[in-house]
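Biologist: I would like to learn how to read a few features of a structure. Could we go through them together?

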2 protein chains.
Amino acid sequence: MRRNKKERQKLLQDTIVETPFITDEELAEKFSVSIQTIRLDRLELSIPELRERIKHVAERKLDDEVKSLHIEEVIGEIIDLQLDQSAISILEINKEHVFSRNQIARGHHIFAQANSLAVAVIDDELALTAKANIRFTRQVKESERVIAKAKVVSGDSEKGRTIVEVSSYVGNELVFSGQFEMYRSNTTQR
Amino acid sequence: MRRNKKERQKLLQDTIVETPFITDEELAEKFSVSIQTIRLDRLELSIPELRERIKHVAERKLDDEVKSLHIEEVIGEIIDLQLDQSAISILEINKEHVFSRNQIARGHHIFAQANSLAVAVIDDELALTAKANIRFTRQVKESERVIAKAKVVSGDSEKGRTIVEVSSYVGNELVFSGQFEMYRSNTTQR
């Protein structure tokens with residue numbers, strides 16, 4: 001549906017606030033206009049380009065610090081972290097992540113992003129995956145950007161286990177979901 | 001339990017036939033003798049060392065050929081393959097596979113070995129993972145060797161799905177088990 005410029009710019013602004021990691025291509029498709037139009041809109045509205053927006057978020061000091069592993073061991077880039085509550089990371093799918101034959105992302109990379117995020121969100125020096133129940137809901141292609149969101153949903157302090165649910169999206173499409181049962185050493189917090 | 005040399009050599013031979021990828025260290029522990037004793041036993045029995053045994057198996061032409069992906073895309077080395085039936089691969093865990101903090105293998109590498117084997121066993125040009133239910137049953141440490149065994153257990157030709165069960169071992173200890181529901185394009189065979 002075409003809209004007038006004012007309407008479109010209002011919606012564009014709202015959309016970027018809600019989903020800050022949306023690309024110009026996705027915005028152009030969403031509003032049925034050219035990528036050039038989106039770029040001009042952003043210019044007029046002083047909204048930085050995607051790369052700058054991601055950098056900005058990444059440079060913002062995370063509220064918490066990863067404890068259970070070295071931050072460079074996380075697959076993807078962590079952009080938000082609240083220990084024992086939630087975490088978000090971004091993984092850009094490139095050539096090394098896909099099957100050479102069909103450019104579909106290999107499951108274990110999508111899994112690795114989600115699993116390492118489930119480890120990172122645990123507020124403990126030791127966190128290991130005990131079990132996982134996962135589902136690949138849509139193929140991910142080369143050059144797509146996967147945003148994984150982890151949520152700590154419950155803990156069983158007697159067994160020393162914590163359940164983390166991870167949902168991964170491309171745009172607003174769910175591509176992966178998983179429930180991870182994490183083993184941890186310190187179980188006093190939940 | 002100590003045994004006399006003749007008994008031990010007989011058992012050693014049987015053990016290597018059953019579990020050809022057992023190390024001299026593991027054999028020494030199993031028979032409560034020194035590694036030197038095991039080496040002398042192997043020499044007397046003309047059993048090649050582990051590295052040679054693995055090479056020998058790897059050089060033997062596989063009964064079938066991987067169809068669903070390029071063989072170099074398999075994580076680990078495939079040493080046996082019967083399409084739509086079973087497959088075996090070996091992955092040596094080294095520095096790049098472990099958490100720097102505790103030298104425990106990261107779950108996604110163990111998962112990647114199992115998942116790529118589940119893809120490789122499918123007799124189809126297109127095989128993708130739809131779901132998986134996995135369990136990490138014992139920590140794997142740096143320099144251990146993981147042997148993954150995949151078995152095709154059933155297929156649902158209407159839905160185009162095939163179930164593959166993968167069990168991964170270090171020595172004879174189960175370290176990982178998973179049930180993978182695989183999507184495939186061609187469903188005529190099962």
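Modeller: Gladly! Let us begin with aromatic pairs: rings of Phe, Tyr and Trp (its six-membered ring) pair if their centres lie within 6.5 Å, and planes under 30 degrees apart count as stacked, over 60 as edge-to-face and the rest as tilted. By this rule there are five aromatic pairs over all chains. This is a predicted model, in which local features need pLDDT of at least 70, side-chain atom pairs count only at pLDDT 80 or more, and totals for chains, interfaces and linings use all residues. Residues are numbered from 1 along each chain as its sequence is written, chains are lettered from A and ligands numbered from 1 in the order in which they are written, and side-chain values use heavy atoms, with hydrogens and water left out.

Biologist: How far apart are the ring centres of Phe111(B) and Phe180(B), and at what angle are their planes?

Modeller: A pair of aromatic rings is described by the distance of the centres and the angle of the planes. For Phe111(B) and Phe180(B) the centres are 5.8 Å apart and the planes at 45°, so the pair is tilted. Helices (H or I, at least four residues) and strands (E, at least two) are DSSP runs, numbered from the N terminus. Phe111(B) sits in helix H5 (residues 107-120) of chain B and Phe180(B) in strand E6 (residues 173-184) of chain B, 69 residues apart. Ring pairs also join Phe111(A), Phe180(A), Phe111(B) and Phe180(B) into a cluster.

Biologist: Are Phe111(B) and Phe180(B) buried or exposed?

Modeller: Buried means under 20% relative accessible area, exposed over 50%, and partly exposed in between (1.4 Å probe, protein chains only). Phe111(B) and Phe180(B) are both buried.

Biologist: What kind of pair do Phe136(B) and Phe176(B) make?

Modeller: Their ring centres are 5.3 Å apart and the planes are at 65°, so Phe136(B) and Phe176(B) are edge-to-face. Phe136(B) belongs to strand E3 (residues 127-136) of chain B and Phe176(B) to strand E6 of chain B, so the pair ties together parts 40 residues apart in sequence. Phe136(B) is buried at 16% relative accessibility, and Phe176(B) is buried at 0%.

Biologist: Now a helix, please. Which residues of H1(B) are buried?

Modeller: In H1(B), Arg8(B), Gln9(B), Leu12(B), Thr15(B) and Ile16(B) are buried. They cover an arc of only 125° around the axis (taken from the directions from the helix axis to the C-beta atoms), which puts them on the same side of H1(B). On the other side of H1(B), Lys6(B), Val17(B) and Glu18(B) are exposed.

Biologist: What does Gln9(B) touch?

Modeller: Contact means heavy atoms within 4.5 Å. Leaving out residues up to four places away in sequence, Gln9(B) touches Asp41(B), Glu44(B) and Leu45(B). Gln9(B) itself is buried, at 11% relative accessibility.

Biologist: How many salt bridges does the structure hold?

Modeller: Side chains of opposite charge can pair when their charged atoms come close. A salt bridge is a side-chain nitrogen of Lys or Arg within 4 Å of a carboxyl oxygen of Asp or Glu. The structure holds 26 salt bridges over all chains. One of them joins Asp41(A) and Arg8(A), with the closest N and O atoms 2.7 Å apart. Asp41(A) lies in helix H3 (residues 35-45) of chain A and Arg8(A) in helix H1 (residues 5-18) of chain A, 33 residues apart. Both Asp41(A) and Arg8(A) are buried.
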